[in-house]
Amino acid sequence: MRRKVDFFNHFRNAMKTFIALLRKEMMIEWRHKNSIAGILMYVISTVFISYMSFAGILPSHTWNALFWIIMVFASVNAIAKSFMSESRGLQLFYFIIADPRQYILSKIIFNTVFLMGVSLLCFLFYSLLLGNPVQNVGMYLIGIIFGSMAFASVLTLISAIASRANNSVTLMAVLGIPLLLPLLVIVIKFSKNAMDGLAWSVNLQNLMLLVAVNVMTIALSYMLFPYLWKE
Amino acid sequence: MKNHWWKVVGVFLVLYSLYAGLANDVPRLAILNETIRNIYFHVPMWFTMMFLYGVSVVYSIIHLSKFEMKSDMVADYAARTGMAFGFLGLFTGMIWAQFTWGSFWVSDTKLNGSAATMLVYAAYFVLRNSVEDEQKRARIAAVYNIFSFVLMLVFIMVLPRLTDSLHPGNGGNPAFAAYDLDNNMRLVFYPAVTGWILTGLWMMQLQIRIQKIKTYLESK
């Protein structure tokens with residue numbers, strides 16, 4: 001009986017720390033609005049560049065590929081600052097008050113939500129300027145949501161690695177982009193099928209694969225991050 | 001001799017596969033013709049590469065559990081030797097592709113997967129070079145190695161099975177049976193794989209020894 005209560009208390013404390021960490025992420029982001037604004041400007045100007053260079057000459061399959069290429073670079077830039085903006089002292093402080101595993105989970109969840117927002121906005125602007133040839137918009141949006149989830153969970157650990165190494169965005173791109181390639185292949189296939197209006201029965205396999213890779217990535221980050229954190 | 005027999009076996013098997021691979025009878029198939037002999041040289045390169053990358057990951061895991069610099073060194077040199085075999089695999093594959101598929105590079109999931117693997121390990125070496133402190137470098141590199149190896153497995157093991165590929169054994173293409181990897185070919189193919197893996201391990205061991213001597217001389 002007593003064991004049970006202890007476990008419950010432990011779980012409640014862990015959840016409390018976790019939620020506090022998540023709140024902290026959001027508040028920092030909210031106070032430093034310039035970083036959100038920076039990413040949004042990045043996305044909007046990239047979409048605008050594509051609009052200036054591709055408008056009117058864009059076949060639908062290229063439309064899809066171009067969208068995901070924009071997303072790859074936007075997500076690398078959006079998540080690069082995830083660990084870099086924190087000083088050594090601040091990280092040491094978090095290390096004392098929280099479990100590194102809770103810390104990385106809160107980062108992954110925050111980045112996921114953040115990237116989902118960025119990608120949905122990007123999709124909105126993109127279809128506004130370059131047209132929207134998608135036949136099954138609901139399925140395409142699901143692809144965007146799961147795709148940005150997978151991107152966020154891979155890039156969060158990469159961002160931690162890059163920040164421990166030499167803190168450069170270049171290193172982040174070098175380390176991250178090769179690892180995004182398999183995800184990109186799956187997600188482009190999924191969203192191409194959604195664009196062509198294929199049935200769920202054809203496309204479900206790709207989504208399941210994406211979710212499986214995502215779960216695996218989060219589990220790996222959860223296990224590996226504590227080693228990265230130690231000094 | 002007690003500890004070196006495997007090197008002799010490796011060299012012997014490689015020499016045997018060179019001779020038997022070029023001189024033995026092979027099935028006569030359309031398009032492939034005599035290029036089928038490349039199976040003894042192209043495929044073992046990939047097997048050796050995957051084996052060495054596997055060694056590298058295992059030693060990365062050992063490093064994270066024990067924090068020994070020795071295991072980090074093995075992980076590093078296993079990855080380097082694996083990359084060399086990867087280049088050889090890519091090179092032999094490109095020649096083969098030119099004579100059977102008509103172009104040095106075709107868009108195929110296996111080719112893309114192997115190119116991405118090259119990129120990942122190139123990134124691994126960039127990461128190693130960008131950290132000065134040895135202990136820190138070892139730990140960060142180990143984390144990246146494990147993380148990327150698992151993701152790469154998805155790319156080169158899972159994805160090709162779900163898509164069409166020109167390679168045998170993928171997306172409806174029958175496996176080795178199509179090449180009629182008959183018993184005569186097996187007699188050369190399996191020794192070739194074993195021989196190249198042993199040779200690869202020996203290459204790795206030699207590199208590690210050279211590195212150890214270098215660090216010893218520097219510290220003197």
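**Entry 1. The interface**

I began with the two chains and found 27 residues of chain B in contact with 29 residues of chain A, where contact means heavy atoms within 4.5 Å. The model is predicted: local features need pLDDT of at least 70 and side-chain atom pairs count only at pLDDT 80 or more, while totals for chains, interfaces and linings use all residues. Residues are numbered from 1 along each chain as its sequence is written, chains are lettered from A and ligands numbered from 1 in the order in which they are written, and side-chain values use heavy atoms, with hydrogens and water left out.

I looked up the area buried between chain B and chain A, and it is about 2600 Å², with 83% given by carbon and sulfur atoms. Buried area is the accessible area (1.4 Å probe) that two parts lose on being put together, summed over both. B:Val143, B:Phe147 and B:Leu151 supply 24% of the area that chain B buries against chain A, more than any other three residues.

Next I looked for charged pairs. I noted three residue pairs in polar contact between the chains, both residues at pLDDT 80 or more. A polar contact is a pair of N or O atoms within 3.5 Å; within protein, one must be able to donate a hydrogen and the other to accept it, and residues adjacent in sequence count only if both atoms are side-chain atoms.

On the side of chain B that touches chain A, the elements giving two or more residues are helix H4 (109-130) and helix H5 (134-162) of chain B. Helices (H or I, at least four residues) and strands (E, at least two) are DSSP runs, numbered from the N terminus. H5(B) gives the largest share of this side, 16 residues. I sorted the residues of this side into 22 nonpolar, three polar and two charged. Here Ala, Val, Leu, Ile, Met, Phe, Trp, Tyr, Cys and Pro count as nonpolar, Asp, Glu, Lys and Arg as charged, and the others, Gly among them, as polar.

**Entry 2. The cores**

A nonpolar core is a set of buried Ala, Val, Leu, Ile, Met, Phe, Trp, Tyr and Cys residues joined through side-chain atoms within 4.5 Å. Buried means under 20% relative accessible area, exposed over 50%, and partly exposed in between (1.4 Å probe, protein chains only). The largest core has 112 residues, and A:Ile161 and B:Tyr144 have the most contacts inside it. Not counting residues up to four places away in sequence, B:Tyr144 touches residues of both chains, among them A:Ile158, A:Leu175, B:Val120 and B:Leu127. A second, separate core of 14 residues includes B:Leu32, B:Phe41, B:Phe189 and B:Ile197. In soluble globular proteins, nonpolar side chains tend to be buried together.

I then checked A:Pro178, which sits in helix H7 (residues 169-195) of chain A. A:Pro178 counts as buried because its relative accessibility is 6%. Beyond four places in sequence, A:Pro178 touches A:Ala173, B:Ala116, B:Leu119, B:Val120 and B:Met152.

**Entry 3. Salt bridges**

I searched the whole structure and found five salt bridges over all chains. One of them joins A:Glu25 and A:Lys24, with the closest N and O atoms 2.9 Å apart. Both A:Glu25 and A:Lys24 are buried.

In chain B, the side chains of B:Arg80 and B:Asp76 meet in a salt bridge (3.3 Å, N to O). Both lie in helix H3 (residues 69-100) of chain B, four residues apart, about one turn of the helix. B:Arg80 is partly exposed at 40% relative accessible area, whereas B:Asp76 is buried at 7%.

B:Asp76 also forms a salt bridge with B:Arg128, the closest N and O atoms being 3.6 Å apart. This pair links distant parts of the chain, B:Arg128 in helix H4 and B:Asp76 in helix H3, 52 residues apart. Salt bridges that share partners join B:Asp72, B:Asp76, B:Arg80 and B:Arg128 into one network.

**Entry 4. One backbone angle**

Last, I looked up B:Phe67, a residue other than glycine with a positive phi, near 55°. Most residues other than glycine have a negative phi. B:Phe67 is found in the loop between helix H2 (39-66) and H3 of chain B. B:Phe67 counts as partly exposed because its relative accessible area is 34%.

Technical notes
A salt bridge is a side-chain nitrogen of Lys or Arg within 4 Å of a carboxyl oxygen of Asp or Glu.
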